[in-house]
Each structure stands twice: as structure tokens, then as C-alpha cells.
Amino acid sequence: MVPSIYRGTASSRKAGAGMMKLTFLGTGTSMGVPVAGGFLRDQLAHDARNERTRCSAWIQTPRASLVIDTGPEFRIQSIKARIPFIDAVLLTHEHMDHVAGLDDLRSFGYERKNPIPLFGDERTLTSIRTRFDYLFGDNKYPGSVKLALREVSNTSFAVEDCDITPLPVLHGALPILGYRINNLAYLTDVKSIPEETISLLKGVDTLVISGLRWEPEHPTHLTIPETVLEIERIQPRKAFLIHMNSYVDHESSNRKLPDHIKLAYDQQIVAID
């Protein structure tokens, strides 16, 4: 289980006093946009915001630098965003589009005395130990990243000045986690949100939530119209959509959405009240 307070290091390399910044490192589906082979590339090429790497986010506060998920393009994403240091990584679930970049955390361990804390539920951390066995125990490869696995359940915890509440949601039938970090909530790969989680989202300022496509309905993901209905349940001040596929055009989709709901795009930076 996670301790109530976890202290990071190098806290001077953070956002300015009194502010929180969110950088969308990636906003695309499990295959990215465009997909390998260039599916629909020509139709999307008129707007650079339509090029979407796998979902990941960077949160900066005056004392903390947190990453949510490390997908296959994490190295490239982190270079573009100029991430200098990571205090902790929050994992939503074990699917490869959310964890395949774990090895790219190696360089972020060079200036640390302690392993990088990696937070996730029991199933996700078990999967990490198995699929990335060379990072742990007797199989640990020399020079590979040092990770400290921190199991979370439904109990809130803190990393520096970030109060973090796990947010259970369903990805189809698979239970996964979102996270509320102070006044920001991040939910990806969502199909349904239990009432208990809706109550944990009460009063949130900024909501990040997945919306796969406009139609048709999908068995494990919310469509954009379904996501809008969930946003109405939660009632944040503003909301950003992520995890869009190759059929979603940025500008035309934004014109169809309410003013307080917009599609996010890769490397977009948002200030959080």
C-alpha cells in the first residue's frame, strides 16, 4: 500500500509558485494517429493537431513533477516537452499503449538517489513485474531504470504538494484507474464511471477524459457524445478530450462541442486553477 505522504526530490525544478500546469504529451488511441501505414493521413494533414501520439500527461506544480502513463512514444514526448525531472509516475492500467515506454524513464533516474516511484493498482504492477522482468530482482539488467512499485487502492495519497485520489472507472469490463490531482482529474480509456467515482470528482475544475470517436458506439470506450453526457454529470469548469482516433478532426469537432469542452492536442499546455 502507498504511504500517506511520499516525498520526492529535486523539487526546485517545478512550475512557478502557486500554479499547476498540465502538458498533454499524447492524445491519441492505442494505434496513434495516423496509424502505421498512414491510414487517413491525407485527410488529417491539414491540421497538425490531428497527429496524435499515445496518451500521456505531465503535471507540474511548485513542488512536484508527475507523469501519467508512459506510452510507446514517451521518449520523444518528454524531449518535446522538455521534462527535466520526474518525481513519480501514475499508471492508469497495464495496456501497452500506456506502459511501453517505461524503459525510457532510465535517464530520469540519473540524478536521483532513490528509485522512481511507480504508482498503480495491484493488477497493473503485477503485469509490470512480469512483462518488464529485467527491471526487477535477480533479473535486473545493469544500468536499467530503478523503479519503486507503489500499490494504490481507493485511498488518497500525496506526492509533495499534490493530493492524489485514485478514480476507479471501467474500460469495458476491465477496472482501471484515473486520478484526481488537486483540482485536475484525468480519466482515459473510459467506458463507464461508477457513481462512487462521480462523487470523488465533485468540484473539480479541469477534467481530462477520453472520447474515442463520434460514432458508432464502442464496447470498451466512450464515444464523444457519450463523453459529453459524462461531463454533464461531473460538471467541471472546463473539460478536454483525449484518446481520439483517426476519424476525429480537431477543428470541425471543436465547432460541434460546447464552449467549455474542447479536444486536447499533443504538447498543449493548460494552466489549472
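I looked up P166 first: it stands opposite Y179 in β10. Residues count from 1 along each chain as its sequence is written. The model is predicted, so I noted its limits: local features need pLDDT of at least 70, side-chain atom pairs count only at pLDDT 80 or more, totals for chains, interfaces and linings use all residues, and side-chain values use heavy atoms, without hydrogens and water.

**β9 and its partners**

I followed β10 (residues 174-181) back to β9 and found 8 bridges, antiparallel. Strands here are DSSP runs of E, at least two residues, and helices are runs of H or I, at least four, numbered from the N terminus. Two strands pair if DSSP finds at least two bridges between them. The β9-β10 hairpin has 2 residues between its strands, and G172 in the turn has a positive phi of about 70°.

I then checked the β8 side. Strand β8 (residues 157-159) runs antiparallel to β9 and is joined to it by 3 bridges. F157 has I164 as its bridge partner in β9. In this hairpin, also with 2 residues between the strands, E160 takes a positive phi near 50°.

I asked how much of β9 (residues 162-171) is covered: 7 of its 10 residues are buried (under 20% relative accessible area; exposed is over 50%, partly exposed in between; 1.4 Å probe, protein chains only).

**The open sheet**

I traced 7 strands in the order β7-β6-β5-β4-β3-β2-β15, with mixed pairing. β7 (147-151) and β15 (269-272) are at the edges with a single partner strand each, so one side of each lacks a neighbour in the sheet.

Inside it, β5 (residues 88-90) and β6 (residues 116-120) pair in the parallel sense over 2 bridges. L90 has F119 as its bridge partner in β6.
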